[in-house]
Structures are given as C-alpha cells and as structure tokens.
Amino acid sequence: VRAKPCGLAWMRAYARRLFVTDLVFIVVALFGAQWIRFGFSAQFEVKDATGLFNFALAYSALSVVMVIAWMLSLEFFATRDHKIVGSGSTEYKDVVDATVRLFGIFAIIVYLAQAQVGRRYLLVALPTGLFLLLFSRWLWRRWLIKKRKNGEYVYRVLLLGHRTKAE
C-alpha cells in the first residue's frame with residue numbers, strides 16, 4: 001500500500017511530473033520539426049555584416065539549445081509553481097507566455113545574427129510544442145481533479161467560524 005502524498009510532498013511530485021512531460025513534449029516538438037523539415041543532418045549558416053561570425057551550425061545543436069532554452073523559459077515564468085498548478089487559467093497563460101516570448105527572442109537573435117534558420121522548422125516547432133504542452137497540462141489537470149475527488153492531493157485548511165457558514 002502506497003502512502004498518500006501530503007503537504008508539500010504532493011506539490012513537488014506533481015511539479016516533477018510536469019517537468020518530465022514538458023521535457024518529453026518539447027523534445028518531440030523540436031526534433032520532430034527538425035526531422036520533418038530537414039532530417040537529422042542539415043545545417044544552417046550564421047554570418048554577420050562584419051564577417052566576424054561566419055560558420056555553419058547543425059540543426060541538431062540548435063534543437064538541443066532550444067530544448068534547454070524552452071525548459072528554462074518555462075521555469076523562469078514559474079509554470080510549475082505550486083501556487084498556480086492545478087487551479088485556474090493562469091497555468092495555461094504562463095505556458096503560452098513563456099513559449100511565445102522565447103520564440104520572439106529567438107526570432108530577434110536569428111535576425112540580428114543573420115542566421116539562415118528555416119522558417120518551416122519554427123512554424124512546425126512552435127505550434128506543435130505549444131499544443132503538446134497545453135494538452136499535457138490539461139491531461140495532468142484531469143488526473144489531479146480525479147485524485148482530489150478521492151481526497152488526495154489537497155491542501156489542508158483550517159476554517160474558523162460557524163459550521164453552516166463554512167460549508
């Protein structure tokens with residue numbers, strides 16, 4: 001018989017589950033977009049106006065960097081924070097916000113570096129990854145609601161006052 005998580009333990013366990021599914025779906029979205037568009041051996045050119053930075057970079061390296069950046073962006077925007085997970089639309093809004101801002105920053109960097117990154121790669125990765133992240137959060141929310149109906153994964157609360165007013 002497994003013990004029911006209580007206190008902060010269930011929040012940490014839930015955040016770990018979100019982290020793992022976020023990582024899996026981001027990897028699927030980015031490497032899937034790369035494979036659909038280029039395969040796994042394509043490269044893109046980076047060059048600036050002065051000619052100091054002229055080199056080729058593999059899309060696999062870009063995908064790894066984007067996975068790390070996307071995970072950091074989700075962490076920076078506190079999308080797995082115990083205060084917002086499992087309640088309200090803020091969780092979904094923060095995931096969208098973190099994702100759109102990351103891709104906006106990435107687009108600016110690509111433009112300034114004059115990198116020849118394929119637009120179709122980004123046009124597949126962004127909506128696919130965002131959809132997968134939101135879908136996974138929705139599935140985890142359904143799971144959490146089911147657990148809460150069974151008295152698990154709930155917060156302890158102390159209510160003061162008359163019983164009729166508290167119910």
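Modeller: Let's begin with V24, which is found in helix α1. Helices here are DSSP runs of H or I with at least four residues, while strands are runs of E with at least two, and both are numbered from the N terminus. Please keep in mind that this is a predicted model, so local features need pLDDT of at least 70 and side-chain atom pairs count only at pLDDT 80 or more, although totals for chains, interfaces and linings use all residues. Residues are numbered from 1 along each chain as its sequence is written, and side-chain values use heavy atoms, with hydrogens and water left out.

With a relative accessible area of 45%, V24 is partly exposed. That label lies between buried (under 20%) and exposed (over 50%), using a 1.4 Å probe and protein chains only. Now look across to V67: V24 and V67 are 43 residues apart in sequence, and their C-alpha atoms are 9.7 Å apart in space.

The largest nonpolar core has 23 residues, and I26, L30, W70, V117 and Y121 touch the most other members. Such a core is a set of buried Ala, Val, Leu, Ile, Met, Phe, Trp, Tyr and Cys residues joined through side-chain atoms within 4.5 Å. At least two of its residues come from each of α1 (8–37), α2 (59–76), α3 (90–113) and α4 (119–149). The largest share, 7 residues, is supplied by α2.

Leaving aside residues up to four places away in sequence, Y121 touches L30, A33, Q34, R37, F38, Y59, L62 and S63. There is also a second, separate core of 7 residues, with L18, V85, W140 and L144 among them.

Now step back to the whole chain. The protein chain has 5 helices and 2 strands, and from the N terminus on its elements run α-β-β-α-α-α-α. Of its 167 residues, 35% are buried. Among contacts (heavy atoms within 4.5 Å) with a separation of 6 or more, 72% are between residues 24 or more positions apart.

One last stop is A78, in the loop between α2 and α3. Its phi is near 55°, a positive value in a residue other than glycine. A78 counts as partly exposed because its relative accessibility is 29%.
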